[in-house]
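Below is a short report on one protein model.

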Amino acid sequence: MILRTPSVPVKAPTSRFRQVPWDRSSPEWIALDAKLDPDHLARLVDEGIAQLDLSPLITSYAGTGSEAYPPALMLRIVVYHLAIGEGRPGCWAKACRENDPVKWLGFGITPSRSRLHAFQHRLAPHLDGWLQENIALAVALGITTATRGALDGSTIAANASRDRKSVV
């Protein structure tokens, strides 16, 4: 029986995540940063995502297949759009190319609609934990006592009227 020594891999293992086009010292990002108001929603999203423990989300990537976009940047894009009431990944993808606050949040990444859609589904197992983190932070900062809560179970925006005729 002949034993062979392990061979050197043909291709070195790559990172799980793509290299992003910009960082905080890139001229493009700095120019967008200068245009954003100090109290812009994008800045609030940036600060909020920075407070979350994203390690469970990051470890959910197996490291196989094509490199994924960094989850923190994808989450910033998704949260921003949900905060402004836009729930369609196709619109998110377009905004990554055309909307300055979204470019700022994503450091210039331009994920496709299908990648954003897949990412949206990847978030589900992590949402409860992040909600608990946010509530704990709000209690610690004295924003709320969190002694009462309410859930809105409606799936349709409340813009109905008795006087409006429905269109079939």
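## Surface and overall make-up

The accessible surface of the protein comes to about 12,100 Å². Carbon and sulfur atoms account for 56% of that surface. The model is predicted.

The protein has 168 residues, and 29% of them count as buried. There are 8 helices and 0 strands. From the N terminus on, the order of elements is α-α-α-α-α-α-α-α. Take the contacts between residues at least 6 apart in sequence: 72% of them join residues at least 24 apart.

## Helix α4

Helix α4 spans residues 71-83. It has 13 residues. From its first C-alpha to its last, α4 reaches 18 Å, close to the 18 Å expected at 1.5 Å a residue. Just after α4 comes Gly85, with a positive phi of about 85°.

Which residues of α4 are buried? They are Pro71, Leu73, Met74, Leu75, Arg76, Ile77, Val78, Tyr80 and His81.

## Packing of α4 on α7

Two packed helices are described by the angle between their axes and the distance between the axes. The axes of α4 and α7 come within 11 Å. They cross at roughly 95°. Angles of 65 to 115 degrees count as roughly perpendicular, so α4 is roughly perpendicular to α7.

On the α4 side, the contact is made by Pro71, Met74, Leu75, Ile77 and Val78. On the α7 side, Arg115, Leu116, Phe119 and Leu123 take part. By type, the residues of this contact divide into 8 nonpolar, no polar and 1 charged.

## Ala118 on α7

Helix α7 covers residues 113-123, and Ala118 lies in it.

Where does Ala118 stand relative to Pro89? The two residues are 29 apart along the chain. Their C-alpha atoms are separated by 9.3 Å.

How values were computed
Residues numbered from 1 in each chain as written. Predicted model: local features only at pLDDT ≥ 70, side-chain atom pairs only at ≥ 80, totals over all residues. Heavy atoms only, no water. Helix = DSSP H or I, 4+ residues; strand = E, 2+ residues; numbered from the N terminus. Axes fitted to C-alpha atoms, helices over the stretch in contact; angles between N-to-C directions. Parallel < 35°, antiparallel > 145°, perpendicular 65-115°, else oblique. Contact = heavy atoms within 4.5 Å. Nonpolar A, V, L, I, M, F, W, Y, C, P; charged D, E, K, R; others polar. Expected span 1.5 Å × (residues − 1). Buried < 20%, exposed > 50% of the residue type's maximum accessible area, 1.4 Å probe, protein only. Areas by Shrake-Rupley, 256 points an atom, 1.4 Å probe, with all protein chains shown as cover.
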